[in-house]
Amino acid sequence: RGWRGGVAMAPPRPRSRQGGSGPAISPQTMTLVAYFFLTLAVVSLSLLLMPSRFAGKLPKPLRFYRSKMLSWWRRARELSAEGPFYKLIVWAGKKVGRGYLASAPRAPTVKAKPHGCGEVEVLLGSRFPWNPFHEENYLLSWRPAPAEDGAEERWRYKEFNSEFDFEKTGGKLRTIIDGLPENTTFHVRACAMNKRGASSQSKEAVVETMCKPSPQGGSTGPCGPAAGGRKVRYTWSQNASEAHLKLPLASNVRARDIRVKCTGLRLEIRLAEEAMADAAGKSGSPDLLVGNLYKKVKPDEIFWTIEEEDAKFGRHLVVQLVKTEPAQKWECLIEGDGHSRIDIQHVRFFDGNDFAGLGGDLSGLLNR
């Protein structure tokens with residue numbers, strides 16, 4: 001006790017650590033929490049850096065946790081990459097590094113499809129690393145498919161700049177290779193390259209260029225074994241409502257020897273069993289023409305007949321197919337290897353004489 005002014009004073013009481021804000025946290029609890037978060041961080045980092053071939057052997061809860069962390073990490077990268085500060089740093093790093101900060105390139109994926117007469121559309125799937133300063137260009141190469149005798153032609157090369165020679169669409173890089181011959185099968189491949197060197201070649205994509213249609217809006221295709229094999233060609237044409245087929249026939253094939261079946265999406269023309277021995281030859285196959293149609297037709301409205309005398313086509317089978325969707329342009333009659341595809345931009349179902357008596361702007365109809 002103390003004395004102040006002759007009055008006895010009690011000693012001051014120690015202040016509580018609670019401070020009126022709840023129970024106190026002991027040092028042991030804080031240590032356990034710190035160890036828990038440190039362990040969680042170490043485990044999370046280990047899972048993120050673990051190769052996929054080892055991650056597949058982990059228990060299911062850990063694989064689920066790892067996939068979630070990877071998705072969060074990718075989303076964070078996407079959001080940060082959209083910011084102006086991040087873009088400024090990447091731009092400055094590429095300018096100062098002059099390509100030497102890039103990682104070693106990896107081979108892209110290649111897809112190719114016909115784009116028109118003598119043109120091929122190529123889609124490249126880039127395999128970029130996580131290096132924000134990575135940059136690469138591409139070397140595309142193509143050559144015609146090997147001939148029947150096995151002779152191979154030389155590859156043709158062209159370098160494409162990833163920034164100026166491609167159109168970005170759906171996460172892919174799109175470009176056009178033009179100046180190619182019509183109705184020719186090509187092999188297309190690509191490799192990535194930068195200051196670190198060049199990647200290996202990608203897997204080859206096979207594509208066949210389109211051809212210009214005949215005046216009747218069609219083209220030709222290989223026949224089946226019973227009609228003489230792939231060297232014998234059928235002819236097809238089309239108008240706004242129908243597609244027509246002309247298939248060469250041997251002189252000994254009669255109408256009762258032919259079996260025509262159409263399901264709407266598939267056409268099957270075969271010889272009857274009793275006629276196979278005379279017309280199918282050594283192959284023994286009864287197929288005159290079998291395959292999937294380009295588009296659906298009305299199976300109940302198919303008509304066929306044999307024309308005996310024709311100065312241009314000789315003796316042949318004529319098949320008439322009615323389109324389910326009128327005014328639809330077909331690229332081919334039968335889908336498959338060797339069946340030529342036409343560039344439908346050159347197909348016209350109507351001309352100016354069909355609408356001579358009508359007024360107004362009819363350009364939309366004339367392009368059909």
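Me: Is Phe 37 buried or exposed?
Reply: Phe 37 is exposed, at a relative accessible area of 52%. Here exposed means over 50%, buried under 20% and partly exposed in between, with a 1.4 Å probe and protein chains only. The model is predicted, so local features require pLDDT of at least 70 and side-chain atom pairs pLDDT 80 or more, whereas totals for chains, interfaces and linings use all residues. Residues are numbered from 1 along each chain as its sequence is written, and side-chain values use heavy atoms, without hydrogens and water.

Me: Which residues form the nonpolar patch on the surface?
Reply: The patch consists of Val 33, Phe 36, Phe 37 and Leu 40, with about 380 Å² of accessible area together. Patch residues have over 30% relative accessible area and no salt bridge; nonpolar side chains (Val, Leu, Ile, Met, Phe, Trp, Tyr) are joined within 5 Å and like charges within 9 Å. The areas come from the Shrake-Rupley method with a 1.4 Å probe, and for residues only the protein chains shown count as cover.

Me: And where is Val 33?
Reply: Val 33 belongs to helix H1, residues 27–49. Helices (H or I, at least four residues) and strands (E, at least two) are DSSP runs numbered from the N terminus. Val 33 is partly exposed, with 40% relative accessibility.

Me: How many aromatic pairs are there?
Reply: The count is five aromatic pairs. Phe 36 and Phe 37 are an edge-to-face pair, because their ring centres are 5.4 Å apart and their planes lie at 75°. Rings of Phe, Tyr and Trp (its six-membered ring) pair if their centres lie within 6.5 Å, with planes under 30 degrees apart counted as stacked, over 60 as edge-to-face and the rest as tilted. The rings of Tyr 138 and Phe 166 are also edge-to-face, with centres 5.8 Å apart and planes at 80°.

Me: Changing topic: how many salt bridges?
Reply: The whole structure contains eleven salt bridges, each a side-chain nitrogen of Lys or Arg within 4 Å of a carboxyl oxygen of Asp or Glu. In one of them, Arg 341 meets Glu 331 at 2.9 Å, N to O. Arg 341 lies in the loop between strand E20 (334–335) and helix H6 (363–366), and Glu 331 in the loop between E19 and E20, so the pair ties together parts ten residues apart in sequence. Arg 341 is partly exposed at 27%, whereas Glu 331 is buried at 17%.

Me: Which residues are linked in a network of salt bridges?
Reply: Lys 113, Glu 121, Glu 167 and Arg 174 are linked in such a network.

Me: How many disulfides?
Reply: The count is zero disulfides, a disulfide being a pair of cysteine sulfur atoms within 2.5 Å. Cys 262 is buried at 14% relative accessibility, and Cys 332 is buried at 1%.

Me: Finally, what is Phe 313 in contact with?
Reply: Apart from neighbours within four places in sequence, Phe 313 contacts Thr 235 and Lys 246, contact meaning heavy atoms within 4.5 Å. Phe 313 sits in the loop between strand E18 (303–307) and strand E19 (316–322).
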